[in-house]
Amino acid sequence: MASQPWLIIGLGNPGAEYENNRHNVGRMVVSALADEAGAQFSSHRSGAYVAQARIGVGEGGRPGPVAILAYLTSYMNVSGQPTRALMSFYKTTPERLIVVHDELDLAEHTLRLKVGGGEGGHNGLRSISQALGTRDYARLRVGIGRPPGRQDPVSFVLSNFPRSSRADWEVTIQKAADALTEIVTTSFSYAQQRLHTAQ
């Protein structure tokens, strides 16, 4: 298993109208990680855009391990089939999959790593779990908080981050990318402990 690359998928919806939505924060994180690695996304037959990247720095200053970064061309609620197709193409198992997604049940800017468990009403995760036949894959949860007042959660997640908070979100997205780098270059458990202790 250690020889398999990590497959890191950032969830979101396709199209310019959704690009800056809260629901697309997973995609933003994966894009930031690709930018940091100097990797370019290209269209993949699985129904995704994929970038193969060396992540972080290895021993002696050498480029770090290879990871496959991806975001899907399908809508959030049908994320499962392209995820399964990517895993099949790259011959990865659920133990080497990380899904980055928005999380209503965490306060804004809170980051959490976990493996398995429920989907918390997240349609993208539900679709992936159904397609894979397991919930036992890693998730990086990016807290976006609950909608204010009586705002509908669907309209909240499909709205953009306010301009006034975008600088703060850039910092959070970078921290999330850093957590992914730590997973790839060390281990999931070490990265989880470091992230949760820091927060």
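Let me begin with burial: of the 199 residues of this protein, 50% count as buried, where buried means under 20% relative accessible area, exposed means over 50%, and partly exposed lies in between, with a 1.4 Å probe and protein chains only. Please keep in mind that this is a predicted model, in which local features need pLDDT of at least 70 and side-chain atom pairs count only at pLDDT 80 or more, while totals for chains, interfaces and linings use all residues. Residues are numbered from 1 along each chain as its sequence is written, and side-chain values use heavy atoms, with hydrogens and water left out.

Now to the fold. The protein has six helices and seven strands, which are DSSP runs numbered from the N terminus, with helices being H or I of at least four residues and strands being E of at least two. Read from the N terminus on, the order is β-α-β-β-β-α-β-β-α-β-α-α-α.

What lies inside? The largest nonpolar core has 37 residues, and Ile8, Val25, Leu69, Val100, Leu140, Leu180 and Ile183 are those with the most contacts inside it; such a core is a set of buried Ala, Val, Leu, Ile, Met, Phe, Trp, Tyr and Cys residues joined through side-chain atoms within 4.5 Å. Helix α5, residues 166-185, gives the most to this core, with eight residues. Apart from this core lies another, of 17 residues, among them Ile9, Ala48, Leu72 and Tyr137.
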